[in-house]
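Subject: Structure handover

Hello,

Here is the structure we spoke about, with sequence and coordinates. My notes come after it.

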Amino acid sequence: MSGVPKWGRSSKRRLRLIRWTRWEIVSAAGLGCLISLLSLMLAHWLATHPFD
């Protein structure tokens, strides 16, 4: 079987069969929180920065 994913009828079943480790879940959650925090910091900076 090749390493290229086949997005056919059984792709949803294949995605359900993926087993996530605890470390991968924590890493994904941490990355999501970091991206959210950086987005909020950028929005705050853009709202308060005086543009001439």
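This is a predicted model: local features need pLDDT of at least 70, side-chain atom pairs count only at pLDDT 80 or more; totals for chains, interfaces and linings use all residues.

The chain contains two helices and zero strands. Helix α1 covers residues 11-16, and helix α2 covers residues 22-48. Of the 52 residues in the chain, 2% are buried. The exposed surface comes to about 5400 Å², and 69% of that is supplied by carbon and sulfur atoms.

The charged patch is positive and brings together Lys12, Arg13, Arg14 and Arg16. One of these residues, Arg14, belongs to helix α1. Arg14 has a relative accessible area of 36%, so it is classed as partly exposed.

The nonpolar patch consists of Leu31, Leu34, Ile35, Leu37, Leu38 and Met41. Together these residues have about 590 Å² of accessible area. Leu37, one of the members, sits in helix α2. With a relative accessible area of 47%, Leu37 is partly exposed.

How many aromatic pairs does the count come to? The count is one aromatic pair. The partners are Trp45 and Phe51, in an edge-to-face arrangement. Their ring centres are 6.2 Å apart, and the angle between the planes is 85 degrees. Edge-to-face requires over 60 degrees, which is why the 85 degrees of this pair puts it in that class.

Are the two partners buried or exposed? Trp45 is partly exposed, at a relative accessible area of 43%. Phe51 has 54% relative accessibility and therefore counts as exposed, the cut-off being over 50%.

Regards

Technical notes
Residues are numbered from 1 along each chain as its sequence is written. Side-chain values use heavy atoms; hydrogens and water are left out. Patches are made of residues with over 30% relative accessible area and no salt bridge: like charges are joined within 9 Å, nonpolar side chains (Val, Leu, Ile, Met, Phe, Trp, Tyr) within 5 Å. Accessible areas come from the Shrake-Rupley method with a 1.4 Å probe; for residues, only the protein chains shown count as cover. A salt bridge is a side-chain nitrogen of Lys or Arg within 4 Å of a carboxyl oxygen of Asp or Glu. Lys and Arg count as positive and Asp and Glu as negative; His and the chain ends are not counted. The place of a charge is taken as NZ of Lys, CZ of Arg, CG of Asp or CD of Glu. Helices (H or I, at least four residues) and strands (E, at least two) are DSSP runs, numbered from the N terminus. Buried means under 20% relative accessible area, exposed over 50%, partly exposed in between (1.4 Å probe, protein chains only). Rings of Phe, Tyr and Trp (its six-membered ring) pair if their centres lie within 6.5 Å; planes under 30 degrees apart count as stacked, over 60 as edge-to-face and the rest as tilted.
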